[in-house]
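Here is a short report on one protein model. Keep the structure open while you read.

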Amino acid sequence: MNQLLSDFFSVFFATIQDVLPIVVIIFGFQLLVIRRQIPRFSKVLIGFAYVLIGLTLFLLGLEKALFPIGRLMAEQLTNPEFIREWSGSLDQSTALHWSDYYWVFLFAFAIGASTTIAEPSLIAVAIKANEVSGGAIGVWGLRLAVALGVAVGIALGTWRIVTGYPIHWFIIAGYIVVVIQTTFAPKLIVPLAYDSGGVTTSTVTVPLVAALGLGLAETVPGRSALIDGFGLIAFASLFPMISVMGYAQITEYLAAREKQKRVLAENEGVNNAL
């Protein structure tokens, strides 16, 4: 119990140091530049207290529960003995094929989707996008589209580590797709899609994904933890842009096709009436 309280206050004071510059900038601009009193000042202070306590509990929970089990699962899944057991190749002299790592790919897909759904920054962006668009952009629609992109990106990134292909091939090809999609996607969704790629790489996603990439690079023969272990975060940032714009393009296409069906039905009804 004493250790838990010690950890809590340690994280709490570290959180105060992180939040303090934000408080100084906000209050400094409000009082010195805008030169207006802060309305409902007491409620604002209470809100900041909630933020500090909430962030502290959130970070402490991640450190005590999510990060250790994520690192443990990454180490166990990437263990060559575990992979040989499931692939049926118990001969230590036989080299493993990339298809033997299917549990790693499945875990990467699942952990990418689940961490993105739980990402606080994405939740905040989705809620604001829903408010600003008047409900045209659904909160869950955006979150699921981003989660799918992150899941596919991390799964593809782990496959790249196993196969050893250069990372720049995938990044260049991915951004070529993004540029092409930007040209044809609805203009309303493009800035949101670009922001969605950034908000996914936050507190929940980064430590687990980095642990998975490093664990995989350390256990796959011939891989470098420094060269091959990193780079998964780039996939997690890139593919949500593709998935969000793709989601908007599919939605626009389906809406246009439904509208065309209604117009054809109305014209057919008019012709029949005549």
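Helices (H or I, at least four residues) and strands (E, at least two) are DSSP runs, numbered from the N terminus. This is a predicted model: local features need pLDDT of at least 70, side-chain atom pairs count only at pLDDT 80 or more, and totals for chains, interfaces and linings use all residues. Residues are numbered from 1 along each chain as its sequence is written, and side-chain values use heavy atoms, with hydrogens and water left out.

**The loop between α1 and α2**

Start with R35, which sits in the loop between α1 and α2. R35 has a positive phi of about 60 degrees, although it is not a glycine. Most residues other than glycine have a negative phi. R40 lies in the loop between α1 and α2 too. Its phi is also positive, at about 50 degrees, and R40 is not a glycine either.

R35 has 68% relative accessibility, so it counts as exposed. R40 has 60%, so it is exposed as well.

**A nonpolar patch**

I25, F29, L31, L32, V33 and I34 form a nonpolar patch on the surface. Patches are made of residues with over 30% relative accessible area and no salt bridge; like charges are joined within 9 Å, and nonpolar side chains (Val, Leu, Ile, Met, Phe, Trp, Tyr) within 5 Å. Together the six have about 620 Å² of accessible area. Accessible areas come from the Shrake-Rupley method with a 1.4 Å probe; for residues, only the protein chains shown count as cover. One member, L31, is found in helix α1 (residues 2–33). L31 counts as partly exposed because its relative accessibility is 42%.

**Aromatic rings**

A pair of aromatic rings is described by the distance of the centres and the angle of the planes. Rings of Phe, Tyr and Trp (its six-membered ring) pair if their centres lie within 6.5 Å; planes under 30 degrees apart count as stacked, over 60 as edge-to-face and the rest as tilted. The structure holds 12 aromatic pairs. One of them joins F8 and F12, and it is stacked: 6.1 Å centre to centre, with 10 degrees between the planes. Why are F8 and F12 separated by about one helical turn? The reason is that they are 4 residues apart in helix α1. F8 and F12 are both buried.

F27 and F41 make an edge-to-face pair, because their centres are 5.9 Å apart and their planes stand at 85 degrees. This pair links distant parts of the chain: F27 is in helix α1, F41 is in helix α2 (residues 41–77), and 14 residues separate them. F27 is buried, at 13% relative accessibility. F41 is partly exposed, at 39%.

Elsewhere, ring pairs link W159, Y165, W169, F170, F235 and F239 into a cluster.

**Salt bridges**

A salt bridge is a side-chain nitrogen of Lys or Arg within 4 Å of a carboxyl oxygen of Asp or Glu. How many salt bridges does the structure hold? It holds 3.

| Salt bridge | N to O distance |
|---|---|
| K64 and D7 | 2.6 Å |
| E131 and K128 | 3.6 Å |
| R160 and D228 | 4.0 Å |

Take K64 and D7, whose closest N and O atoms are 2.6 Å apart. K64 lies in helix α2 and D7 in helix α1, so the pair ties together parts that are 57 residues apart in sequence. K64 is partly exposed at 45% relative accessibility, while D7 is buried at 16%.

E131 and K128 both lie in helix α5 (residues 120–132), 3 residues apart, about one turn of the helix. E131 is exposed, with a relative accessible area of 51%. K128 is exposed, with 53%.

R160 is in helix α6 (residues 139–163) and D228 in the loop between α9 (205–219) and α10 (232–273), so the pair ties together parts that are 68 residues apart in sequence. Both residues are buried.

**A buried threonine**

T56 lies in helix α2. T56 counts as buried because its relative accessibility is 0%. Contact means heavy atoms within 4.5 Å. Leaving aside neighbours within four places in sequence, T56 is in contact with F8, V11, F12 and T15.

Technical notes: Buried < 20%, exposed > 50% of the residue type's maximum accessible area, 1.4 Å probe, protein only.
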